[in-house]
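Dear colleague,

Please find below the structure that I am handing over to you, with its sequence. My notes on it follow directly after.

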Amino acid sequence: MIALLMLALRERRRAYAAIALLCFAIGALAALGAAYPRAVADGIADDEIKTAAANERMFQMSGSDDTSGAAVLAVAEATRRLPDYTTVYAAGVSVMGFGAERSVLTYRENACAHVRLVSGRCPMGSGEVMVPAGLVQQTRGIEVGTRLFLVEAIKPDPKNPWMASNRGRAPIDVVGVYQQSNPGEDYWGVRTSEDAAGVPVVLTRPETLNSLPHETEVLTVTAIPARPLLKTGDYDAILRSKLDPNIIKSSPDVKGMLDRIAAKRKYVETMTPAVVQPVLGLACWALFLLVSGRLQRDRPEVGIQSLRGLPLAHRWVLAAGVSGLLALVATPLGGLAVTLATPGAGGSSMSAALIILAVELAVIALTALGLLRLRPLDLLRRVLPTGSKVPLIEIAVLTVAGAGFAQMKSGDRSGLGILAASLIAVAVAVAVARVLPLALRPAARRQLHRGRIASGIALALATRRPSGRHLLALVSTAAALFTLVVGATDVSSTTRHTQIDLTLGADRVLMVQSSPAQALAAVRQADPDGAWATVTGRLAVSGTDVLAVDLSRAAVMRWPEATAVAAALKPGGPAPIEVSAGKLEVFIDATVQAIPVQGELPPGAYAPKARVFAVVELPGGEFQELDLDNGIEPGVHPYAVTLPPACAEGCRLAGLSLLAFGAERGNLAIQRITVDGRPVADGKGWHTPGTDAGQWSIDPAMTIGQPTYLLPPDVPAGLPAAYTRDLGDKGPTSASFSLRGYQRAPIKPAVATDIVPRVGHKAMVVDLPSALRATLGSTTPSKIEVWLSAGAPADAQRKLTDAGLAIVGTESRADAVARADRTPPALTLRMQLGAAVAGVLLLLGVLLVVSSGDRRTTELAGLRQAGVRAATLRRATRITYAMISLLGVLIGVVAAAVAWAAAQSVLPIVDGTPWLPPPSWPSPLPLAVGAAGIAVLLIVGTHLIFVGDRRGRGLE
């Protein structure tokens, strides 16, 4: 029996080599599908740990030696005995004497291994310290050999600064000057408020602490878990590790980080099989086709064995033994290759390979059983008799897909529910591939009747042979899975990039410390053309977040609606009133009369007359109030002031303000305004905030000493704003900015939008310069930022710094994209896309093997003997596979569309909840390119099989 198997393996080595390669690929794919989620989850955990705050990745407990010091020492000793933790014990005393302010004299065990000595050495005995290199050390001239006299620092009153105690000084010798090798290293523990304030840390030995007279010594123990323990995300493992409960309770933030890691690991491990498992099923189906094709060619031998009375078990071994033997060898080898080549892969990869091996053996055994059940007479026929068969495979696939869809609809996204999209795509592809050949069979007869021999034979081969139906279903399934994953990848990428654009607002964001006016002036100096920078700020109005942007530079923003919003909010109306250096005179017609002051004034006191101030906007954007001479008098009078020298470059008259003290009542009207006698404006269009032409009056009810403003014609009565639709159809109805005093500048909703960049929902956008002018600088946005476009020069930050901006932080779109590409959905889709590509390559291999066998089939040989030309048969065969490829890809695209419409929600598209919903459908271009690529690959591959067969070898 073994000799017969070896003979069959040697004589049919090409066919069995294809089966062996397919089994190897299946084993490798199964092992990779098991290894990838773990590797990805470990990478995600590493990223989470690296970006987490120190208090989230380590445990720390502190106490003073006079209260909880014993507990700290006990925790330190207990933690040292644990294998998965690194323990760092520290003790410190607040001291005066190193600098003018307080410093901390600290013993931190094994400190010398974590510092870089600038000079000197580490402390080795009592009275020796090493000091941090820095401003204090340099300004005081402290170096190796310097003697310091330290005394304990105390703070009896929290409101007062630290002071030296009267417990006595201790002489300390400086033996080294150090810098931390890595200030962010876990060794240094959780950053405290002292670290943030830059309190110097003088390192020493415990003996030095004991020699310093002091009352309070702060003890700290830091337990640093090993990274493998954190990467698991298993907080219960922390609890089981016998770490002291006291230090666990002192560090509750660690649980939050581990919970995030556990959630991301579960996501990847749950979502990865959504396409990997269907592709493995596709591969087993391909194995069925190869084994079935080999057995069909061996039917005469099997029939002879049956006639000779060979036992069923022996016939089974002869029919399926070689294929089973190859699977037993090649599949574990594929799994082993992946296990050895993939970092982090382990026993789970080999287990997956062995599980898929069992499935392969079952497929091979059942394929052989289907042949062995035939009668010997049927086995010896060239063509098997056809009969109605129940489509068990199609029924099973549809049933499983229905169960997955029902589970998904019930809200259960585990098990079959997570596979719903893939299962629906496979079910539709299989069902259509079963029905379509039946519908196309009459077309073959019509083509032959019309004399189109090649196309007629091609249609017959594709629609009447079981292998043609199976190949069509196989192509459809592979194309459906590939198209589904390509669509999900496209939508996921679009959603991620849209979210990044909205959360950042531009390609680069610089956080600056300055006033809005200073930022506007600096940006205009660095970028006078408005090509690559704009200024933004944020504030809240009536519970609504407002983004204030210099919309004259809206093109810098990565917001599709920026241009339209800028056009809708563009300031209109009269031109600003420009004034230059000189004497400003405002002619006011006042109809006022004195009134008794309410209440009694002290002897010698009097209520001053109301006064008028001019508010000018300086060239740098700052607002300055100028006191016009004299108090308000009845009649028409000029009120003058000398404009600042800075106005030589051009200032804008931003408004007028009035201060009343309860001694008059009446109305005021502007007649004209001049500078050095030259008219610059008349009284038309001036208005109070929130009105088109409000009356400027003095009233006893006015708040004494609070300004009342009059705005020039270029300032609109309501500040135009864009608003998100979730604030209502017409936007907020009573939102306004406050001015100094009791007046308010109302916001006028002008245009609706879905989202506001950098802010999100329930928000508004206003023009920053217009907002400053509407409030005369009274309302100042916070969180001032400079947004840069992709075309910003490489030295943009230097130019802005030179213009006077203090940049305190940066964010870039490139960094955000890199982080987004490492999220669980993105990494899961990457694996699924790889699995789908592997499915297409497996499909190509199967088509190549099957098509190479079709050159010598008995069906084609019989047609050749019947007089059909060899060239016609070659063309018919090529048309057959081209037809299967094109129809299969089209069916796959349709199946993917059905699956998308029915089960898009279970695809790994988004991480969390994006500000805007993902697109309803993928972009047609990547789908068309992917589908065309599959079709061309399959058609070219099968066509090349027949290129070397020009003389009709095997068809003569």
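In this predicted model, the axes of H18 and helix H20 (residues 466-504) approach within 8 Å and cross at roughly 150°. Angles over 145 degrees count as roughly antiparallel, and H18 and H20 are therefore roughly antiparallel to each other. Their crossing is right-handed.

Helix H18 (residues 420-449) also packs against helix H17 (residues 392-409) in the sense that their axes come within 8 Å, again with a crossing angle of roughly 150°. H17 and H18 are therefore roughly antiparallel as well. In this case, however, H17 passes H18 in a left-handed crossing.

Turning to charged contacts, the count of salt bridges comes to 38. One of them joins Arg-265 to Asp-42, with the closest N and O atoms 2.9 Å apart. Arg-265 belongs to helix H11 (residues 253-271) and Asp-42 to helix H2, so the pair ties together parts that are 223 residues apart in sequence. Both Arg-265 and Asp-42 are buried.

Asp-46 is partly exposed, its relative accessible area being 23%.

Within helix H11, Asp-259 and Lys-255 are four residues apart, which corresponds to about one helical turn. They form a salt bridge whose closest N and O atoms are 2.9 Å apart. Asp-259 counts as partly exposed at 35% relative accessibility, and Lys-255 counts as partly exposed at 37%.

A further pair, Glu-77 and Arg-80, lies in helix H4 (residues 69-80), with three residues, or about one turn of the helix, between the two positions. The closest N and O atoms of this salt bridge are 3.6 Å apart. Glu-77 is partly exposed, with a relative accessible area of 45%, and Arg-80 is partly exposed, with 37%.

Finally, the surface carries a nonpolar patch formed by Phe-24, Leu-325, Leu-328, Val-329, Leu-333, Leu-336 and Leu-340, which together have about 630 Å² of accessible area. Helix H14 (residues 312-341) supplies the largest share of this patch, namely six residues. Leu-325 lies in helix H14 and is partly exposed, with a relative accessible area of 38%.

With kind regards

How values were computed. Residues are numbered from 1 along each chain as its sequence is written. This is a predicted model: local features need pLDDT of at least 70, side-chain atom pairs count only at pLDDT 80 or more; totals for chains, interfaces and linings use all residues. Side-chain values use heavy atoms; hydrogens and water are left out. Patches are made of residues with over 30% relative accessible area and no salt bridge: like charges are joined within 9 Å, nonpolar side chains (Val, Leu, Ile, Met, Phe, Trp, Tyr) within 5 Å. Accessible areas come from the Shrake-Rupley method with a 1.4 Å probe; for residues, only the protein chains shown count as cover. A salt bridge is a side-chain nitrogen of Lys or Arg within 4 Å of a carboxyl oxygen of Asp or Glu. Buried means under 20% relative accessible area, exposed over 50%, partly exposed in between (1.4 Å probe, protein chains only). Axes are lines fitted to C-alpha atoms, for helices over the stretch in contact, and angles run from 0 to 180 degrees between N-to-C directions. Angles under 35 degrees count as roughly parallel, over 145 as roughly antiparallel, 65 to 115 as roughly perpendicular and the rest as oblique. A crossing is left-handed if the near helix is turned anticlockwise from the far one by less than a right angle, and right-handed if clockwise.
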